[in-house]
Amino acid sequence: MADDGDGRLRTEGSGDGGLGGGGAGGPAAGALLLNVGLLALALLAAYRLYLCWGTRSGPGGAARHSQAAALPRMKRRDFSLEQLREFDGARDPRILLAVNGKVFDVTKGSKFYGPDGPYGIFAGRDASRGLATFCLDKDALRDEYDDLSDLNAVQMESVREWEMQFKEKYDYVGRLLKPGEEPSEYTDEEDTKDHTKQE
C-alpha cells in the first residue's frame, strides 16, 4: 500500500483510486451491461419489423399465401374489366392485373399486389394509368375501359417499360378486352408454347 498524496491509500496494481477490489461497476460489468442492452434493442427492433412486415397479410395470411402458391398455372383467356375485377386476391386467391391491354398473373407477388400490399390497389384492375403517372390513388383507376389516349409520350413509354417488366417476371394470361370486343379462342398448344417461352 502506498499513500497517493491525497491521504488515500492505494494498493499497487490497483487503478481504482484506492477503493481496492475493483468493485461491482468495473469495466467488464459495464461492457456486459452494454452488450445486454444492445441485444435487447436489436431483439425489439426485429420484433417490431416482424409485426410490421411478417404479419402484413393479416389473419390467415400465411394460409392465403400457401393457397396461392399451390394454384395451377392459369390457362390463356381474355378478360373484360368486370371479369378481371374478380381476381383481386380478396375474393379469389389468384391476383391478376392489366398493363397496356395485357393481363398478367401476379399471384406470386402477392406481398406487393395482394389486398394489404403496397400496390394492392391495382389487383384485379387495369394498372396502366397508375403506373404511367406513378399514382397509387383510386383516381388513377378507371371503372370503364381506358384507352390511355390522353397520356403524353413519356407516360406511354413508362407504360411500355412496365409492360416489359411484367412480361419478364409474371405469367401473361391474356388480353384486356375493349368494350364489345370478342375474346380470342386459345388452343392448348398456344397456351403451352407461350408459357414455355416465358420460362
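This is a predicted model: local features need pLDDT of at least 70, side-chain atom pairs count only at pLDDT 80 or more; totals for chains, interfaces and linings use all residues.
The protein exposes about 12800 Å², an area from the Shrake-Rupley method with a 1.4 Å probe, where for residues only the protein chains shown count as cover. Residues are numbered from 1 along each chain as its sequence is written, and side-chain values use heavy atoms, with hydrogens and water left out.

Next, the fold. There are 7 helices and 5 strands, taken as DSSP runs numbered from the N terminus, with helices being H or I of at least four residues and strands E of at least two. Along the sequence the pattern reads β-β-α-α-α-β-β-α-α-α-β-α. Of the contacts with a separation of 6 or more, 58% are between residues 24 or more positions apart; a contact is heavy atoms within 4.5 Å.

Now the interior. Of the 199 residues, 32% are buried, where buried is under 20% relative accessible area, exposed is over 50%, and partly exposed is in between, with a 1.4 Å probe and protein chains only. The largest nonpolar core has 19 residues; such a core is a set of buried Ala, Val, Leu, Ile, Met, Phe, Trp, Tyr and Cys residues joined through side-chain atoms within 4.5 Å. Strand E3 (96-99), helix H5 (128-133) and helix H6 (153-169) each supply at least two residues of this core, and H6 gives the most, with 3 residues.

Among the residues with the most contacts inside the largest core are Phe104 and Phe166. A second, separate core has 10 residues, including Met74, Leu81, Val103 and Leu176.

Back to the surface. Leu34, Leu38 and Leu41 form a nonpolar patch with about 320 Å² of accessible area together. Patches take residues with over 30% relative accessible area and no salt bridge, joining like charges within 9 Å and nonpolar side chains (Val, Leu, Ile, Met, Phe, Trp, Tyr) within 5 Å. A salt bridge is a side-chain nitrogen of Lys or Arg within 4 Å of a carboxyl oxygen of Asp or Glu. Leu34 lies in helix H1 (residues 27-54) and counts as exposed because its relative accessibility is 54%.

Last, Pro93 sits in the loop between helix H3 (81-85) and E3. Its relative accessible area is 21%, so Pro93 is partly exposed.
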